[in-house]
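Grab a pencil and work through these exercises with the structure open beside you. Try each task before you read its solution.

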Amino acid sequence: MRLSKLFKNAPTVNITGLSFDSRTVRPGNIYFCLPGLTNDGHDFIDSAIKNGAVCIVHSKELLNMAPGAIYIRVEDVNDAMNKVARIFYARPSDKMKMYGVTGTNGKSTITNIIRDIINDKTPCGYIGTIAIKYGDIELQPNLTTPDALFLQSKLADMVRCGMKACALEVSSHGLAQHRVDGISFDCAIFTNLTYDHLDFHGTMENYFEAKSLLFKNLVKEDGVSVINKDDEKYGALKDCSKARVISYAINSEADYRAINIKMSSQGTQFDLVYSGHMYPVKTNLVGNFNVYNLLAAIAALNETGYDLERIIEKCAHIAQVEGRMERIDCGQPYNVIVDFAHTPDGMEKMMQFGRSVTMPGHRLIAVFGSAGKRDVHKRKVFGELADKYCDYIIVTEDDPRDEDPKEIAEQIKSGIQDTPHVFVQDRYEAIHQAISSAQEGDTVLLLGKGDESFIYRENGRAPWVGDNVAAKECIKASLA
């Protein structure tokens, strides 16, 4: 593509690609000098030019400019990069129905429910914590919401592969860092806002402000904001949304409301109240929080043109979302459930559910840790929650980074007063001990990592089999 199509009054130089990392620059690329949390892209201009960059987009005054390179100064490099990437990749989000899901919990489940329900009739891609999926392609992500260049590139790939829709997890980090500014959403979905990511945002107010950007920037004429009315932030989000607002709830009057909820360990039934009518819904999903997730997906799909009765029919058999409320069944006489829960709210909901499916007189056993270099205040809260709901607790490693796992464990244990507990540093051994000690009627919860295939340790990202795989191996070994 010609540079003149990307910037006004620019030379007609051919551009082969876009990069904000000087190490990945290739001949003919534009290099964007992004300011970062630890490094400034302006410091690596010479390296980018050496690797073949023909155009440098910068915001700071430069004292030395290499001959032959084209320099374009802008006020905001990140904003310019978003706009250029959108044009360079031929506006892929305009060619698909785009669903963006944000909130503390439920993003992975809702995006995967949306994809699962419509994928047979409307080929749908997915980008999020679990994977990047479209057609027969499945890739491992580095971030819940990848950078703007990667996002636009993958959306363009989806269009080329025939995708007509995409469900995208939108993290607060991604919103605060403007990674999705170049994406044209049709539907924005809000799940809830609970304590999380304060190591990055500083305050709950900043955390909410980041989440609200998805709704403030939804500018399509027929766009729709789907918001949880049972969350205390409903009113604030409704007020700031530029698109029409549709509500869903269990405890409040809403556009889409679930009543008469009946849950078992195998599934859930409820009546959906919508537009003055009542629709019976049966699903294989379990847990009150999954009723919220299902309501959000139903509302989003129906409001963007999909037939409600067909949506409800598809709800009966939702594909298992790996590592999210994943029941591991290898023929053992006790429950084993794997979940990504890593916030106080998520932990409590999982422990409440675990308690509800554990036979009276039997034990609820939990295995979990807390991430290093992240919000330390929730560690004691995790201990307090486990102390309240569980009968036996195994504290273990969970992305310790360069913190001492023993010290993290001590902070968790400070919240445990009465419940028997132990620290087992090696996560696989912790899972093995929990499963080998489980008796008929017990429930084992493995929380925090889900299906993630890595653990962050002192020297970076290390391989991990995933809690779901570890659980299966340990159960089979115990039954052998």
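**Exercise 1. Count the aromatic pairs, then classify two of them.**

Start with the rule: rings of Phe, Tyr and Trp (its six-membered ring) pair if their centres lie within 6.5 Å, and planes under 30 degrees apart count as stacked, over 60 as edge-to-face and the rest as tilted. By this rule the count comes to six aromatic pairs. One of them joins F88 and Y89, with 5.1 Å from centre to centre and 85° between the planes, an edge-to-face pair. Next try F454 and Y456: the ring centres are 5.3 Å apart and the planes sit at 65°, so this pair is edge-to-face.

Before going on, a word on the source: this is a predicted model, where local features need pLDDT of at least 70, side-chain atom pairs count only at pLDDT 80 or more, and totals for chains, interfaces and linings use all residues. Residues are numbered from 1 along each chain as its sequence is written, and side-chain values use heavy atoms, with hydrogens and water left out.

**Exercise 2. Decide whether F88, F454 and Y456 are buried, partly exposed or exposed.**

Here's the scale: buried means under 20% relative accessible area, exposed over 50%, and partly exposed in between (1.4 Å probe, protein chains only). F88 has 16% relative accessibility, so F88 is buried. F454 comes out at 11%, so F454 is buried too. Y456 has 23%, so Y456 is partly exposed.

**Exercise 3. Describe how α3 and α9 pack.**

Helices (H or I, at least four residues) and strands (E, at least two) are DSSP runs, numbered from the N terminus. Axes are lines fitted to C-alpha atoms, for helices over the stretch in contact, and angles run from 0 to 180 degrees between N-to-C directions.

Step one: α3 covers residues 107–118 and α9 covers residues 288–303; their angle is about 50° and their axes are 9 Å apart. Step two: angles under 35 degrees count as roughly parallel, over 145 as roughly antiparallel, 65 to 115 as roughly perpendicular and the rest as oblique. So α3 and α9 are oblique to each other. Step three: find the touching residues, where contact means heavy atoms within 4.5 Å. On α3 they are T109, I110, I113, I114, I117 and I118, and on α9 they are N290, N293, L294, A296, A297 and L301.

Step four: sort them by class. Ala, Val, Leu, Ile, Met, Phe, Trp, Tyr, Cys and Pro count as nonpolar, Asp, Glu, Lys and Arg as charged, and the others, Gly among them, as polar. That gives nine nonpolar, three polar and no charged residues.

**Exercise 4. Zoom in on A296: which residues does A296 touch?**

A296 sits in helix α9 and, at 0% relative accessibility, is buried. Leaving out residues up to four places away in sequence, A296 touches I110, I189, V226 and Y248. Y248 is 48 residues away from A296 along the chain, yet their C-alpha atoms are separated by 6.5 Å.

**Exercise 5. Find where R91 and S275 lie, and check their phi.**

Most residues other than glycine have a negative phi. R91 has a positive phi of about 50° and is found in the loop between α2 (77–88) and β5 (97–102). S275 also has a positive phi, about 55°, and lies in the loop between β14 (268–274) and β15 (277–283). R91 is partly exposed at 38%, whereas S275 is exposed at 54%.
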